[in-house]
Amino acid sequence: MGLMRGRLVVVQVLVVSMLALLAVRLWQVQVVRGTEYVEAATETRTRDVVVPAVRGQILDSTGRPLVRNRTTLVVSVDRTRLNRMAGNGQEVIQRLAGVLGRRPSELRERIRACGPGVARPCWPGSPYQPIPIDVDVTTREALQILERQEEFPGVTAEVQAVREYPRKGAGAQALGYLQPITQEELDRRDGLRAAFSGVDLVGRDGLESVYDVPLRGTPGMRRVQVDRLGKVIGVERHVSPIPGDTLITSIDARVQTLAEKALAEAMKGAPKADGAAAVVLDARTSRVIALASAPTYDPAVWSGGISEAEYQRLLSGKTGKPLVSRAIKGEFAPGSTFKVSSVSAMVRDGYPLHGKYDCPGSFMVGDRPFNNFRGIGLGVLDLHTALVKSCDTIFYRAAYEQWLRDGGLNPKGRPKEPMANMARAYGFGRPTGIDLPGESPGRIPDRAWKKALWAVTKEDNCKRAKTGYPEVAKSSPSRAAFLKRLAYENCLEGFQWRPGDAANFSIGQGDVLVTPLQLAAAYAALVGDGKLRSPRVGWALVRPDGTKVKEIKVPVVGKLPITKEERAYIKGALSEVASDGTAAGAFSGFPMDKVKIGGKTGTAEVYGKADTSWFASFAPADKPRFVIVAMVSQGGMGGQTAAPAVRKIYEGIYGFKPDGKPSTSVLPEGRPARALPVIAKDGTVSR
């Protein structure tokens, strides 16, 4: 009995001790740390959710959509939450794969972080952002996830807007694409974290990048009450997002499609062609009507995550690097299209505008003969005919004489370099400033450039002068010997601007490089009012209800240093190239009596490759409304490949069949759009 009482006492003591301990703990929780836990409880009951704004559309000059949104059901995964689960959420992934009809390994690939050695698909965005793994699920699949949320923790299915490209690859490089924002960007860009919804994408190229902020709009905010499982049980506050602005461009979708089709056909007709570009500008304003590059691609490949194979295809030289816009990034020797700059330099340097000039089949530049095309002499010509017939030796002579006047190999004082300076006045050698990212500057070589290049390459040239090129000698001993001799000369005298450099410069060869857009902007200044403008693709930003936010002006960035009379003289010469000059064959049968085409062919030599084919043009020749430039890399002669491509664009614009008979025009008025399309409050568009 005593033993029993002893045990009861022990039990009583234990119970009392536990109650006392519990009382102390309750006192600590409720009194000492009560405020802290109340705040924590409140914190876990509410969540602030940033609501993304609908991204603005991108329209052409008549209101046709180039990029628009479509609503779809998107399934996303919170990778951070999955990784906190047992087995890194493998069971959840397994169940989710079954619902979506995917392989679990495929879903795992989509949510892994991109990095060195990680092939696509992978996630390039912030690790704290929900990762979309399927951007086009069915309602049935979404309901299976939402109705069994306890089986799919960290998985959401919601309606989102995704980008749609109704014209497929038309203008793909100019439009750009969207990608998730990275954690580094969130950390680096002030204010971006607060405005970031977690599902927003940012522009990575093209117009999507340049106009990213107005297109993205202003996100809203929703403060929700949630239970311990994270399910929403109520909404405390809601601030609606403000949709992004609509970007109206000066691109005409019909002309854009026409230009891309013409380039594709031109490349088919030139077996070695590996790329092409076309630029169509409004001759009076330098607004971009079409900006085409071939090969192109469908930007829809970025939606939902791009595969490694597709990503590599976009960057591969074997497929022509379709991600790269040759219109603004491609740098090529311009050939004879560059002569408009050279003849301007001659006139400014004192050569008579109406003078007579000998055009022999060959001209000695120093101790080396420089030949006309096929070595054919054309007799005594004026500058007008020199441009129409594309005489080279007149320009060789002028360049050599200018080189001598500048002091030859040993200039005294500051050389005038009239041809290089005139080229820069035409906008060559620097970006045009177009509202697209990644534009190339081209290259205008001169004495200073030659010295800078020599300083960088001297060590390698001197080394090669001794060791030679054994790797080349295996296949071509003569080529290896030439390269070794050239390396020796460049080692000793590579800083010198030689007479051959000047001669090549005058006809757009040698080290001269331009982009198709630069050439188009230069011709627009020449045949227009003499003012050099920075082309623009964006025309205006408007609210979804049609309220204009901002009209995007085309800035004037320079003025050609030649008179109105001199510009008219050059323009007059170019106006005969398509009818009586080097492009006459390409425009045979074209109704010049209805629409006269002016322009200049160019055939630029490239070592180890076929010639680059160019045609820079304008129409109508008397009062130009369009400037069109086409370039086909490895396309051969300008009159054989580029000029026919330009002809097809003009036929579509003005409504002519190949035989010159009337046809349906893509621009019934035969001119660029003069006024912005009208967007009504309900979002409909009219002219």
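Is Leu19 buried or exposed? Leu19 is exposed, because its relative accessible area is 53%. By the cut-offs used here, buried means under 20% relative accessible area, exposed over 50%, and partly exposed in between, with a 1.4 Å probe and protein chains only.

Before going on, a word on the model. This is a predicted model, where local features need pLDDT of at least 70 and side-chain atom pairs count only at pLDDT 80 or more, while totals for chains, interfaces and linings use all residues. Residues are numbered from 1 along each chain as its sequence is written, and side-chain values use heavy atoms, with hydrogens and water left out.

Back to Leu19. Its place is in helix α1, residues 2–32; helices (H or I, at least four residues) and strands (E, at least two) are DSSP runs, numbered from the N terminus. With Val15, Leu22 and Leu26, Leu19 forms a nonpolar surface patch of about 350 Å² accessible area together. Patch members have over 30% relative accessible area and no salt bridge; like charges are joined within 9 Å, nonpolar side chains (Val, Leu, Ile, Met, Phe, Trp, Tyr) within 5 Å. Areas come from the Shrake-Rupley method with a 1.4 Å probe, and for residues only the protein chains shown count as cover.

Next, salt bridges. There are 26 in the structure, each a side-chain nitrogen of Lys or Arg within 4 Å of a carboxyl oxygen of Asp or Glu. One of them pairs Arg55 with Asp212, with 2.9 Å between the closest N and O atoms. Arg55 sits in the loop between β1 (46–51) and β2 (58–59) and Asp212 in helix α11 (residues 212–216), 157 residues apart. Both residues are buried. They also belong to a salt-bridge network with Arg163, Glu208 and Arg216.

Another salt bridge joins Asp446 and Arg424 at 2.4 Å, N to O. Here Asp446 is buried at 9% relative accessibility, whereas Arg424 is partly exposed at 28%.

Last, the disulfides. The structure holds three, counted as pairs of cysteine sulfur atoms within 2.5 Å. Cys114 and Cys122 have their sulfur atoms 1.9 Å apart, and the torsion about their S-S bond is about 100°, so that disulfide is right-handed.

Cys359 and Cys391 form a disulfide with sulfur atoms 2.1 Å apart. That pair links strand β13 (residues 356–359) to the loop between α15 (383–389) and α16 (393–405), 32 residues apart. Cys359 is buried at 1%, and Cys391 is buried at 0%.

Finally, Cys462 is joined to Cys491, S to S 1.9 Å. Counting bonded cysteines along the chain, the pattern is 1-2, 3-4, 5-6.
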